[in-house]
Amino acid sequence: MLLKAKKEYLIVPFTVLALLIDLLGRVFAENLMLPLWCDSVGTFFIAYFAGPICGAIVGFANNIIYGIFVDHQSVYCVTGAFIGFLAGYFAKKKVFESQFLTMTIGMGLAVISTVISVIVSITMYGGDIGNIWASQVMRFFMDAGFPKYVSFVIGQFYIEFLDKLFCVEIIYLLIKFARFYRKKRDENSEEKIIPKKIAPFLTFIFALFFVLLPKTAFTQNFADEWDSYVQTVFSNPEGLLSGEANDIEQTNDGKLWIGTYAGLFKYDGSKFKLMSDIHSVKSVNCLFVDEEGRLWTGTNDSGITIFINERVMNVIDEESGLLSNSVKDIVSDTDGNYYIGTTEGISLVSLSGGVKITKNYEQIKNVTKMSADKFGNVVAVTERGELFCFKNGEICCSFLKDGKNTSFQSVDFSEDGRLFLASPDDSIFIYSLTPSGPNLVRKFKIPGIEGINSFYFAENKGVFVCSDTGIAFFDESFKAKKLYTNNFTNSIDAMLIDYQGNLWFSSSRLGLLEMCKSTFVELFSEIEETSVVNSTEKWQGLLFCGTDEGLIILDEENEKKVENKISSLLNKIRIRCLKVDSMNNLWIATTGSGIYKVSLDSSGEYEIKNFSQKTGLPGNRFRNICELKDGRIAVAGDYGVAFLREDAVEKVFTAQDGFANEKSLCLLEYKNGCYVGSDGGGISKIENGQIVKNIGKKDGLSSNVILRMVYDSFSDGVFIVTSNGICYTSEKGEVKKLDNFPYSNNYDMICDSDGTCWILGSAGIYVAQSKDLIENLKTEYPVINAKHGFRSLLIANSWPCLENDNLYLCCDSGAVKVNMSKYDMASKSYRMILDFAEVDGIKQKISRSDVFKLSPQTQKLVLEPEILNYSLNDPYVRYFLVGNDLKPAECLLSELGKISYSNLKPKTYVFKISILDGLNGNVIESANYTIEKETEMYQKNWFKLYVILTGSLVLVWLTWFVTRVRSQKTLLKQKYELEYAKKQIKMVNETILSIA
């Protein structure tokens, strides 16, 4: 021990000083990311001055204390204690007296530290060294092909080698400097000065340690138009757990927010999310979105919570000065005043200079509804029907108190400043506000609308009325109509139209109703009837629909059902096919009653003729009617085919005439013959009054059950729909199977002149090009189904009609109308949100405008884009990580989930995501995000230089060590030889002297 007995009082301050030097050195190295630990200088210092025991204590304590602040460090106290003890032990051997011995002990300590630390690292942490330089060296050698555990040892040794050599060299230089300094000073005076100077120095070091300590990083007719909208009700089964909705709002990013008694829900078009972790929004009465996009949430018992980007920014309650925590409505005027209607009055809130209550109106209790216009006017209605008016934050006189109509239950300002009021007797009052006072523009009632709760003003200047008995709409001419919303007709309180044009209604009893625009118009919903339709036909301006229970006739223009002589005659008769011929006669095929022909006489009365088995037809059960070019009418039924000319049966074909199966399902006139499709006997061709040919499976058909034969004017061939697929026959008569078409259970085909084909089947409607079908291409054909607004099921063996571009489909719920040229109603507006990316399980904010940087250590990147889609469309989404993916990936929006990438290489990527028009692939919306994964340290050229230089330094030291050892051995040998020679000479001289 170098400290003599009289200086033993210095052991304690020197030990504390040594400990702080170690800790400060470690923090210093961590902050500057040095390829050293720098935590052994103090250990070696105290080991030299106080011996091995003190060295071991400081080395041990250093790692324990540092491990309190940084994980996975305390276990290395074994290494610290061991090298501290060895440093003190060899200090007694005077190893710090020469440069060579100092460097030698440094190398020895490095090797010992490497062995102990590698064992600890592998055993406890799977090889994690805990220093970025060592880890990068390890990865460098692993990439170079070295075994894993060998790389661990090399990585650990690289940092231990430089660290221990650096630390022992510091001690060596300090000893040299101290000895030099000691010669210049008086030893006694120095003893008195040291204790006085060391205290403030220790205080400074201790404070500096905690300052630099690494801290954890936290890191048409408008009313008619609504009838074509598809309605969807959201309640408990659909994810709206409460089953009711008090209010609904949309924030600027396109997200929908629903206030319920169960709390606040967010809806993104696919799922509802309850904001259950926010305790101040457990029971929501009302919602309000201000001009800045803030969401104000009024609750039943917790006041108001203000959200910005889904984060709570402020809570206003009774403790803040709010009159009551039960909030009923919220509006703001043009001066920035927010009016909070509560059960105990109205409070005015200002956000200027912080959230504060500026004024209270306690006399206005139990507010139920408020509204504000663009001119600074605010009106409020109470439960007692009182109407209060405000201007610039002050109460105005009640300008509607005329002694007659002073009681109201709802109020709303329109965009143009007109005031709409509803009274308890369900009257609607419309006022225009003028400088001289209000003028009553209109007063009226809407039949069937009771208990009016609110008004909503559409862009087309029409007005929606939400009430306790349903929804109504009236236009500028005040023509009103109640909307048909099935059973959603109770306690409808609020409404909005989202950014895609869909209508949303909230009901405090039934939940939410969404009405989405669709090109598929369910015609039977207009007459509030449901029936399976077998055939449709337009005649005399009316739509005739054949059902199993008779004939349903629709007047589309007036949206009503028509009862007449024909419908009465065919009541309870199953109608299979309707056809209008070139002479404007309506032909009706029935099951059990034969064929009917309906025409108009000169007086406009219906003239009806019946053809049956009694008049020569083959039975009374018929399925199809076809007019031939020569004016004859061909009818196909269960017992054969008949041809009628001039209201008489001309010819009948049955099994006796050559049908393989006389049960005939469909007819087609093609070229010079009439083709008959049968139920198991293939296709028979009738020409010149006889059956001349039969086409079956032997000729290339996929089945002998023929459901439909459809002429394709684009290719001048015929598509054949069989029971298990689609076939095609060219004008030359060659039949081939179209077995690459993805669906087999098809019913019918509609082909237009430009080569577009609609294939009707149980899966919906496939859209294909005639050319692709004929070439039997294996491709993905878009399908129109419920995801595109077509929610009904098509009926097999049915016969739809086509008028101009309007196709009247036969469905299980009735007739459905669609315009074939405008069927693609894909929304042209979508909101894409990608605010966060998940990096190795931790969420980080991402932005389109900034480069998103990934650390070199990133293993997994997860992206979860939100595409807000409230429409019936299910568009395709294409995404592509440029620089990683070989080709873009495509999927339906409903199938889009989390997108994961693992082990990305260090470089710059661009994540591209697009929403496509699913039918032609055009890009509707797109977004790009730049992602940069930083290069690993060990891949940089300067790091490679570091590895080479450090390795070279090790080789230099080894060379020096070996050379020095050999040189020392040579010198020692020469010394021994010289001493031996001297001894021999001396002995000779002594012998000579003795002899002499």
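This is a predicted model: local features need pLDDT of at least 70, side-chain atom pairs count only at pLDDT 80 or more; totals for chains, interfaces and linings use all residues.
**View 1. Helices α2 and α3 pack against each other at an angle of about 160°.**
Helix α2 covers residues 41-50 and helix α3 covers residues 52-69, and the axes of these two helices lie 7 Å apart. Because an angle over 145 degrees counts as roughly antiparallel, α2 is described as roughly antiparallel to α3. The crossing in which α2 passes α3 is right-handed.

**View 2. Residues of α2 meet residues of α3.**
On the side of α2, the residues in contact are Gly42, Thr43, Ile46, Ala47 and Ala50, and on the side of α3 they are Pro52, Cys54, Gly55, Val58 and Gly59. Sorted by class, the contact of α2 with α3 is made up of six nonpolar and four polar residues, with no charged residues.

**View 3. Five strands form an open sheet with mixed pairing.**
The order of the strands across this sheet is β60-β67-β66-β63-β64. Strand β60, residues 852-854, and strand β64, residues 889-892, are the edge strands, each of which pairs on one side only. From one strand to the next, the twist averages 25°. Within the sheet, strand β66, which spans residues 908-916, runs antiparallel to strand β67, which spans residues 923-933, and nine bridges join these two strands. In this pairing, Thr908 stands opposite Glu932 in β67.

Conventions:
Residues are numbered from 1 along each chain as its sequence is written. Side-chain values use heavy atoms; hydrogens and water are left out. Axes are lines fitted to C-alpha atoms, for helices over the stretch in contact, and angles run from 0 to 180 degrees between N-to-C directions. Helices (H or I, at least four residues) and strands (E, at least two) are DSSP runs, numbered from the N terminus. Angles under 35 degrees count as roughly parallel, over 145 as roughly antiparallel, 65 to 115 as roughly perpendicular and the rest as oblique. A crossing is left-handed if the near helix is turned anticlockwise from the far one by less than a right angle, and right-handed if clockwise. Contact means heavy atoms within 4.5 Å. Ala, Val, Leu, Ile, Met, Phe, Trp, Tyr, Cys and Pro count as nonpolar, Asp, Glu, Lys and Arg as charged, and the others, Gly among them, as polar. Two strands pair if DSSP finds at least two bridges between them.
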